[in-house]
Amino acid sequence: MKATVEPTNATFTLKKDGWEEMEEELKNNKTSDIITEEDESFQAPKDPRLFLECNQEALVEGSHLYCGVPFQDEMSSLGPENWCLLPNVISPYYRMAHCLEILSNHYSCFYPNPDVQEFFLHIHSLYFHNCSKEEVHLEDAPEGLVVALTLIPISLIPVLLYLMIWKLSVTSSTTNLHS
């Protein structure tokens with residue numbers, strides 16, 4: 001069975017044969033095992049030898065060269081007025097994050113790691129420092145309305161207290177008459 005939707009997104013990197021292989025796997029229900037709470041082995045690297053020695057210097061240099069420069073080029077083409085618009089930034093940001101993950105694995109480093117975190121903080125300080133959420137400024141209610149809504153319940157307290165005492169006195173006097 002062929003896919004009815006052909007991907008037209010430029011960021012779609014799955015080759016056609018990979019797509020068909022994935023469809024075949026799903027048809028035959030050959031999906032990966034389910035991970036349970038007790039099975040924490042999913043956190044262990046596939047090959048523990050890969051992460052014995054992280055080449056941090058190469059990772060930092062490669063992060064800027066292979067991930068930072070393309071991201072900066074894309075952001076420059078967007079222009080500063082579009083840096084805070086998520087639909088415009090999401091694809092370049094995703095590509096940069098994916099690049100950092102690949103580099104971390106290539107240089108035998110865990111991902112995320114402090115060097116990658118520092119790189120993200122640097123990128124955010126350059127491009128997204130003015131992108132805070134705009135807060136809605138709420139105005140206070142008119143003073144007269146606030147005073148009225150405060151005094152009405154307060155003035156009802158003595159009235160309700162008087163009615164309760166009156167009711168108790170009426171009830172107690174009727175019980176005294178019947179005794």
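**The aromatic cluster**

A: Happy to! F71 and Y127 are both buried, where buried means under 20% relative accessible area, exposed over 50% and partly exposed in between (1.4 Å probe, protein chains only). A word on the basis: this is a predicted model, in which local features need pLDDT of at least 70 and side-chain atom pairs count only at pLDDT 80 or more, while totals for chains, interfaces and linings use all residues. Residues are numbered from 1 along each chain as its sequence is written, and side-chain values use heavy atoms, with hydrogens and water left out.

Let us start with Y127, which counts as buried because its relative accessibility is 9%. One of its partners is W83: the two form an edge-to-face aromatic pair, with 4.7 Å from centre to centre and 75 degrees between the planes. For such pairs, the rings of Phe, Tyr and Trp (its six-membered ring) must have centres within 6.5 Å; planes under 30 degrees apart count as stacked, over 60 as edge-to-face and the rest as tilted. W83 sits in the loop between α2 and α3 (86-106) and Y127 in helix α4, so their pair ties together parts 44 residues apart in sequence. W83 counts as buried too, because its relative accessibility is 18%.

The structure holds six aromatic pairs. In the pair of F71 and Y127, the ring centres are 5.5 Å apart and the planes stand at 90 degrees, so this pair is edge-to-face. It links distant parts of the chain, with F71 in helix α2 (residues 56-78) and Y127 in helix α4 (residues 114-127), 56 residues apart. Ring pairs join F71, W83, Y93, F120, Y127 and F128 into a cluster.

Now for the wider setting. The protein has five helices and zero strands, where helices (H or I, at least four residues) and strands (E, at least two) are DSSP runs numbered from the N terminus. Buried residues make up 17% of its 179 residues. Among contacts between residues at least 6 apart in sequence, 64% join residues at least 24 apart; contact here means heavy atoms within 4.5 Å.

One more residue deserves a look: N113, in the loop between α3 and α4. N113 counts as buried because its relative accessibility is 10%. Leaving aside neighbours within four places in sequence, N113 is in contact with L59 and S104. A polar atom of the N113 side chain lies 3.0 Å from the backbone nitrogen of D115, and one lies 2.8 Å from the backbone nitrogen of V116.

Note on methods:
A polar contact is a pair of N or O atoms within 3.5 Å; within protein, one must be able to donate a hydrogen and the other to accept it, and residues adjacent in sequence count only if both atoms are side-chain atoms.
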